[in-house]
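Biologist: Could you take one part of this model and go through it closely with me, telling me which residues meet there and how the pieces are set against each other?

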Amino acid sequence: MELSFKDKTIKYGVYALLILVAAFLQNISGAWFTVFGARCFFIIPVCILIGVGEDERAAAFLGLFGGLLWDMISSNHRIFASVFMLVACYVSSWLVTFLFRNTFWYGVIACIVSAFLFCMLYWLFYILIGGGEGRLAALGFFYLPSFLYTAVMSFALYLFIRPLKAKLNKTSRTVD
């Protein structure tokens, strides 16, 4: 079923609001709890799960929006999150279009792989190459636990986002 202009406007407005809520939960101290110092990077699974099943261009723009929200509060990685989220959302949407089916496991694995790549690339480019003391400690005590926390939260976020997407897309199928 093709959505009308009004339905598309509502859908993408809700998606933008959901990404904004994820950015607040992730970036405002005390908005969401930390586990042994690890933070959940909510923007990654929210943008990936919303982008999967959308066309590649829309997924890329949703990822770019989430990345820009993340970059706005960062003092270190200027445009890293924006570029990473744009590419990750585009690729995950492209893979659904041409190779895979949009299933529970695909969505969760896409979130997990994206979170792992983000943590490792960020650590490599900004922590390891940047030098300083405690590079391996940062990996072991912050980035890997944050990746695990984000991976676990991907399961819960999928269970919330999938029915919302089905309702906004006006489809009757909510679970694969």
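Modeller: In this predicted model, F80, A81, F84, A88, V91, S92, L95 and V96 of helix α4 are in contact with Y106, A110, S114, L117, F118, L121, Y122, F125 and Y126 of helix α5 (contact means heavy atoms within 4.5 Å; helices are DSSP runs of H or I with at least four residues, numbered from the N terminus). Sorted by class, this contact of α4 with α5 has 15 nonpolar residues, two polar ones and no charged ones (Ala, Val, Leu, Ile, Met, Phe, Trp, Tyr, Cys and Pro count as nonpolar, Asp, Glu, Lys and Arg as charged, the others, Gly among them, as polar). The axes of α4 and α5, the latter spanning residues 104-128, come within 11 Å and cross at roughly 150° (axes are lines fitted to C-alpha atoms over the stretch in contact, and angles run from 0 to 180 degrees between N-to-C directions). The two helices α4 and α5 are therefore roughly antiparallel to each other (the word is used for angles over 145 degrees), and their crossing is right-handed (the near helix is turned clockwise from the far one by less than a right angle).

Helix α4, which covers residues 80-98, also packs with helix α2, residues 43-51, at an angle of about 35° and with the axes 9 Å apart. The crossing of α2 and α4 is right-handed, and in their contact I43, I44, C47, I48 and G51 of α2 meet M85, A88, C89, S92 and S93 of α4. By class, the contact of α2 with α4 has seven nonpolar residues, three polar ones and no charged ones.

The largest cavity has about 50 Å³ of space, and L49, V52, N102, Y158, I161, R162 and K165 line it (a lining residue has an atom within 4 Å of a point). Helix α6, residues 135-168, gives the most to this lining, with four residues, and by class the lining has four nonpolar, one polar and two charged residues.

Residues are numbered from 1 along each chain as its sequence is written, and side-chain values use heavy atoms, with hydrogens and water left out. Local features need pLDDT of at least 70 and side-chain atom pairs count only at pLDDT 80 or more, whereas totals for chains, interfaces and linings use all residues.

Note on methods. On a 1 Å grid over the protein atoms alone, a cavity is a set of points where a 1.4 Å probe fits but cannot get out, and a pocket is an open set with protein on both sides within 12 Å along at least five of seven lines; lining residues have an atom within 4 Å of a point. Grid points are joined across faces, edges and corners, and a volume is the space filled by probe spheres set on the points. Angles under 35 degrees count as roughly parallel, over 145 as roughly antiparallel, 65 to 115 as roughly perpendicular and the rest as oblique.
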